[in-house]
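Visitor: Please show me the model, and then I will ask about it part by part.

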Protein chains: 2
Amino acid sequence: MSGREHQKQRTRNALIDAYFELIRQGQSPSIAEVADRAEVSVATAYRYFPNPQSLRADAAVSATRNMPTFEEILADAGDDPFVRIETVIRHAAAMQFGDEPVWRGVLHATLERWFAQWEAGGEMVPVRSTARHDGVSLALRPLESELSPDALRRLTHAVMLVWGVEALVVTRDTAGLDPTEATTTMVHAAHALIRDALTQAAVTSDRK
Amino acid sequence: MSGREHQKQRTRNALIDAYFELIRQGQSPSIAEVADRAEVSVATAYRYFPNPQSLRADAAVSATRNMPTFEEILADAGDDPFVRIETVIRHAAAMQFGDEPVWRGVLHATLERWFAQWEAGGEMVPVRSTARHDGVSLALRPLESELSPDALRRLTHAVMLVWGVEALVVTRDTAGLDPTEATTTMVHAAHALIRDALTQAAVTSDRK
DNA sequence: ATCGTTATGCGAAACTTTTCTCACGTCAAG
DNA sequence: CTTGACGTGAGAAAAGTTTCGCATAACGAT
């Protein structure tokens, strides 16, 4: 670590933290406002984040940093895939419903990243981490012996649809559910998908 | 219809159309750019849309106007809920994958509407139409006789999670699927949910 | 065709956001 | 303690966005 990396890291964090504070109290702050709150000069803020999107984008990734890994979450969840996926979903839902503006901001920022790439016209680099995929894979690992690779792959993708920020948006905005019922719906859907995958596997193996 | 409603309607449409054209060719246009493209003066554009969000929001609702109703889509889909939901999902997916920037724009705009309400601090009016709920309800109507109201309600909410713009975003950005496989995944998930709801209903009615 | 109404256009002004320039202060190394 | 390097601050300049006032011309009705 050469030079003054720490100093830079501090002001950068100060800016991102200030952004979160303002978001949580219900604003969509400009760079100037964030700089003010962070007690950093506007010029410096612009040195770190040339435009509001880049600030939002970086804030989005740092929102996902402070959470425990799926390994930790699943540490003592046992081997039952139903319990495991429920653990993951309830954990994520609690976090996301508890901090809704921040997580909607994450979605908002990733959409902006996608548009930026689309405008640039170049090839599309993934705008999202593989976190959700990893989480579902890990939770469903006990099914590796029960399901064919194909079936497991399909199930994984299907389960990815029923929770996370996007599912939060659907349950709240288009279904009009409260957080509790929304979470129940997500868990129920995931369970149903697993149950169905298992019965389908049983059916096809009967046939041969 | 008194006065010059038509004239107003024309310039309004010109603005929204121009916005779509620019979006489709990969830009996130300012009001000035939209006005230019629409051959309308900047001042007039501002008279219709005081800020970029309001333009995006109105464009979002008008994007949903030009599509056939679910009744039309399901007109000759028969009574099989599996076929019916597949019809709806494939139709929506074709449209949304075929015009991805516009539909991502719809999601982006509704997030902005949500944030605007959140900032205002007032009560939260729904930021989305009931279209998806209506579509799923209609497709699943044949199940009204098979499932308890509760079970049908749960199933409806679950199915709502697995298609639409949010599902598009998940399949593409976090799962990395191409449009074809993404659509297959959505249809598969919906079928699995229905299948499971039916078997569960059979199981519980056996018990009594 | 003519007339009153009113949406529109134009250009300047007010305001906000972003960039620049240069001086200052702080940190690490000798 | 000094020195060189470099992150930072302050304010002005530049670029972009939104508003305003007034003249024009398009529209609907007579």
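Visitor: What pattern does chain A follow when read along the sequence?

Guide: This is a predicted model, in which local features need pLDDT of at least 70, side-chain atom pairs count only at pLDDT 80 or more, and totals for chains, interfaces and linings use all residues. Residues are numbered from 1 along each chain as its sequence is written, while chains are lettered from A and ligands numbered from 1 in the order in which they are written. Helices (H or I, at least four residues) and strands (E, at least two) are DSSP runs, numbered from the N terminus. Chain A has eleven helices and zero strands, and its pattern is α-α-α-α-α-α-α-α-α-α-α.

Visitor: What share of the residues of chain A count as buried?

Guide: The C-alpha trace of chain A spans about 70 × 40 × 40 Å along its principal axes. A residue is buried if 20 or more other C-beta atoms, placed from the backbone, lie within 10 Å of its own, exposed if 12 or fewer, and partly exposed in between. Of the 208 residues of chain A, the buried share is 39%.

Visitor: Is I73(A) buried or partly exposed?

Guide: I73(A) lies in helix α5 (residues 70-73) of chain A. Leaving aside neighbours within four places in sequence, I73(A) is in contact (C-beta atoms, placed from the backbone, within 7 Å) with P68(A), T87(A), V88(A) and H91(A). Because I73(A) has 19 C-beta neighbours inside 10 Å, the residue counts as partly exposed.

Visitor: How are α1(A) and α4(A) oriented to each other?

Guide: Axes are lines fitted to C-alpha atoms, for helices over the stretch in contact, and angles run from 0 to 180 degrees between N-to-C directions. Helix α1 (residues 5-24) and helix α4 (residues 52-63) of chain A pack at an angle of about 90°, with their axes 10 Å apart. Angles under 35 degrees count as roughly parallel, over 145 as roughly antiparallel, 65 to 115 as roughly perpendicular and the rest as oblique. The two helices, α1(A) and α4(A), are therefore roughly perpendicular.

Visitor: Which residues of α1(A) and α4(A) make the contact?

Guide: Ala, Val, Leu, Ile, Met, Phe, Trp, Tyr, Cys and Pro count as nonpolar, Asp, Glu, Lys and Arg as charged, and the others, Gly among them, as polar. By that scheme, the contact of α1(A) with α4(A) has five nonpolar residues, one polar and one charged. They are I16(A), Y19(A) and F20(A) from α1(A), with L55(A), D58(A), A59(A) and S62(A) from α4(A).

Visitor: Which helix supplies the largest share of the side of chain B that touches chain A?

Guide: In total, 43 residues of chain B are in contact with 43 residues of chain A. Helices α7 (100-120), α8 (131-140), α9 (149-161), α10 (165-174) and α11 (179-207) of chain B each supply at least two residues of that side. The largest share, ten residues, comes from α7(B).

Visitor: Which residues come nearest to DNA strand C?

Guide: A residue is near a strand if its C-beta atom, placed from the backbone, lies within 6 Å of it. The surface near DNA strand C has nine nonpolar, eight polar and four charged residues. Of the 21 residues around DNA strand C, those that come nearest are A43(A), T11(B), S41(B), A43(B) and T44(B).

Terms used:
Contact = placed C-beta atoms within 7 Å.
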